[in-house]
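Good morning, and thank you for coming. Please take a moment to look at the sequence and the structure on the screen.

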Amino acid sequence: LNPAPINPRMSAELLALADIATPNETEFAFLLRHLYGRQVAPDYWELADPLLHALCRSTGIPTVVITLGDKGCFVSHGDAPVRKDGETYYRVRAEPVRCVDSTGAGDAYTGGLAAGLVLYREQPFRRAVEHANRVAALAVEKPGTAPAMPTRAGCWARPISNPAIWRARRRSSAGLVNWGHRERTCCPCLPRCSWRSASTTN
């Protein structure tokens, strides 16, 4: 669940149905105040990790990913082994970018996370988070929203510095994930399924 834009009609009952929530720092503060009556400091995301984790756990959502723009994101699990993660909470740094337009970055991130959960479904949740960071990074380097969303090929072509990402990427190659359907290919980096001709997909 991406609780954006902020909606005063958001209910605790709806939130309780979410398996993963991906609010940004403003949306998370709103949820805490609106649904749980908890006020947080303007820069609450700079709290020590155990304290920020405790705030996330107060929502009851199994996994909370707070997106923090150029500061990356904070991940909080209720049960890390379920996500194949070795840590219950951790931060993942954002990729360096030349930001042109940040509009739609949250949508790109959530779409990238959904794609990453499929691409790296046998890998730790962190791999999906790193993929989401990459998708969002590419999206803000171009103007616009939907036109700026990267293709899978574009994500994989971006230079990477973390060898673990490269190894996980190779394990999720074509033999494990079949995106093809007849002569068409689905780009999993988009927030929604976008079918493109195999002859024109980048």
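I shall begin with the chain as a whole and then turn to a few individual residues.

Please keep in mind that this is a predicted model. The protein chain contains seven helices and seven strands. Followed along the sequence, these elements come in the order α-β-α-α-β-β-β-α-α-α-α-β-β-β. The chain has 202 residues, and 43% of them count as buried. If we take contacts between residues at least 6 apart in sequence, 53% of these join residues at least 24 apart. The accessible surface amounts to about 10,800 Å², and carbon and sulfur atoms account for 54% of that area.

Let us now consider one residue in detail. His77 belongs to strand E3, which covers residues 73-77. Is His77 buried or exposed? His77 has a relative accessible area of 0%, and because buried means under 20%, His77 counts as buried. Its side chain makes a polar contact, at 2.9 Å, with the side chain of Thr63. Beyond its neighbours within four places in sequence, His77 is in contact with several residues, including His53, Arg57, Asp85 and Phe125.

Next, the loop between E3 and strand E4 (89-92) holds Lys84. Lys84 is partly exposed, with 42% relative accessibility. The phi of Lys84 is positive, near 65°, and Lys84 is not a glycine.

Finally, I draw your attention to Pro5, in the segment before helix H1 (12-15). Ala4 and Pro5 are joined by a cis peptide bond, with omega about -5°. For context, most peptide bonds are trans, and most residues other than glycine have a negative phi.

Thank you for your attention.

Conventions
Residues numbered from 1 in each chain as written. Predicted model: local features only at pLDDT ≥ 70, side-chain atom pairs only at ≥ 80, totals over all residues. Heavy atoms only, no water. Helix = DSSP H or I, 4+ residues; strand = E, 2+ residues; numbered from the N terminus. Buried < 20%, exposed > 50% of the residue type's maximum accessible area, 1.4 Å probe, protein only. Polar contact = N/O pair within 3.5 Å; in protein donor to acceptor, adjacent residues only side chain to side chain. Contact = heavy atoms within 4.5 Å. Areas by Shrake-Rupley, 256 points an atom, 1.4 Å probe, with all protein chains shown as cover.
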